Amino acid sequence: MPSSPGTERLFLALWPDGAVREAVRRAAAEAVRAARGRPVPPDNLHLTLLFLGAVPPAVREALAARLAAVRCAPFELVLDRIGGFPRSRVAWIAPSRPPAALHRLVGQLRAAAEEAGLAPERRPFSPHLTLVRKARPVPAQVLARPVRWGVRRFWLVRSQTLPDGARYTPLRAWPLAAEAGAAPDPTPV
Ligand code: 2AM
């Protein structure tokens, strides 16, 4: 099906700031070396919340309006696990106990995408930050010093495939904010 002009490949993600990126780099340096393959450049590190695929401009506008209505308190992610998906040959860092707020957020994003007319994939959400592509299998490890990431916003991100790899461009962020009067998250930051 031909796509309308201005259609872009988009996804929703959490995007770490410089301090978190640096902490991930340190925590994962050994595993990244062991995995060989193609390390994800630090500026590309992210946690995908929902992959949207090709999105025409009009749908993006409708989506943006719905994303502004998402309500979720800020939360903390504890990245304490390194491992790999052997089939897709990636090595990743991930939270072993993602907070309930993260899953609630993804549920709201999925609903927003569907209301905007998109049909995002239904594969189960498995929160991770890809560290290396075309990776050798890395032994699973639990980090004695996990990376703590206080999450305060989510991003709409453009994905472009270039000859030298993927380019991800964060386009726009929405703050995480609970509804007035909502119960606080058990792990606020
Ligand atoms: P990955 O890091 O595990 O490969 C942009 O492509 C981001 O969306 C990547 O982080 C990728 O996850 C994720 N993603 C999820 N589903 C995807 C799909 N069907 N095609 C491409 N990327 C997908």
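So, A135 sits in the loop between β6 and β7 (141-151). When I say strand or helix, I mean DSSP runs, numbered from the N terminus: E of at least two residues for strands, H or I of at least four residues for helices. A135 is buried, because its relative accessible area is 7%, and buried here means under 20%, exposed means over 50%, and partly exposed is in between, using a 1.4 Å probe and protein chains only. What does A135 touch, not counting residues up to four places away in sequence? It touches A35, R89, V90 and A91, where a contact means heavy atoms within 4.5 Å. Now look across to C72: it is 63 residues from A135 along the chain, and their C-alpha atoms are separated by 34 Å.

Quick word on what you're looking at. This is a predicted model, so local features need pLDDT of at least 70 and side-chain atom pairs count only at pLDDT 80 or more, while totals for chains, interfaces and linings use all residues. Residues are numbered from 1 along each chain as its sequence is written, and side-chain values use heavy atoms, with hydrogens and water left out.

Okay, back to R89, one of the residues that A135 touches. R89 is found in the loop between β4 (75-85) and β5 (90-95). It has a positive phi of about 55° although it is not a glycine. Why point that out? Most residues other than glycine have a negative phi. R89 counts as partly exposed, because its relative accessibility is 45%.

There's another arginine to show you. R36 lies in the loop between α1 and β2, and this residue has a positive phi of about 50°, again without being a glycine. R36 is partly exposed, with a relative accessible area of 49%.

Now, the pockets. A pocket here is worked out on a 1 Å grid over the protein atoms alone: it's an open set of points where a 1.4 Å probe fits, with protein on both sides within 12 Å along at least five of seven lines, and lining residues have an atom within 4 Å of a point. The volume is the space filled by probe spheres set on the points, with grid points joined across faces, edges and corners.

How much space lies in the largest pocket? About 1,100 Å³. It is lined by 34 residues, and T48, R123, H128, T130 and R133 lie nearest its centre. Several elements each supply at least two lining residues, among them β1 (8-14), α3 (100-115) and β9 (165-175). β3 gives the most, with four residues. By class, the lining divides into 15 nonpolar, 10 polar and nine charged. For the classes, Ala, Val, Leu, Ile, Met, Phe, Trp, Tyr, Cys and Pro count as nonpolar, Asp, Glu, Lys and Arg as charged, and the others, Gly among them, as polar.

Next, a note from a record. For "active site", an unreviewed UniProt entry lists H46 and H128. They are spread over 83 residues of sequence but cluster in space, with a largest C-alpha distance of 8.2 Å. Both H46 and H128 are in the lining of the largest pocket. Keep in mind that UniProt annotations may be inferred rather than shown by experiment; the positions are in the numbering used here, and feature names are shortened.

Let's zoom in on H46. It lies in the loop between β2 and β3. Is H46 buried or exposed? Buried, with a relative accessible area of 9%. Leaving aside neighbours within four places in sequence, its contacts include F11, W15, H128 and Y168. The side chain of H46 also makes a polar contact with the side chain of T48, at 3.3 Å. A polar contact is a pair of N or O atoms within 3.5 Å; within protein, one must be able to donate a hydrogen and the other to accept it, and residues adjacent in sequence count only if both atoms are side-chain atoms. The H46 side chain reaches the backbone oxygen of N44 too, at 2.7 Å.

And H128? That one lies in the loop between α3 and β6. Its side chain has a polar atom 2.7 Å from the backbone oxygen of S126. Beyond four places in sequence, H128 is in contact with H46, L47, T48, F85, W92, I93 and A94.

Last stop, the second largest pocket, with a volume of about 200 Å³. Helix α1 (residues 18-35) gives the most to its lining, with six residues. The lining has nine nonpolar, no polar and two charged residues.
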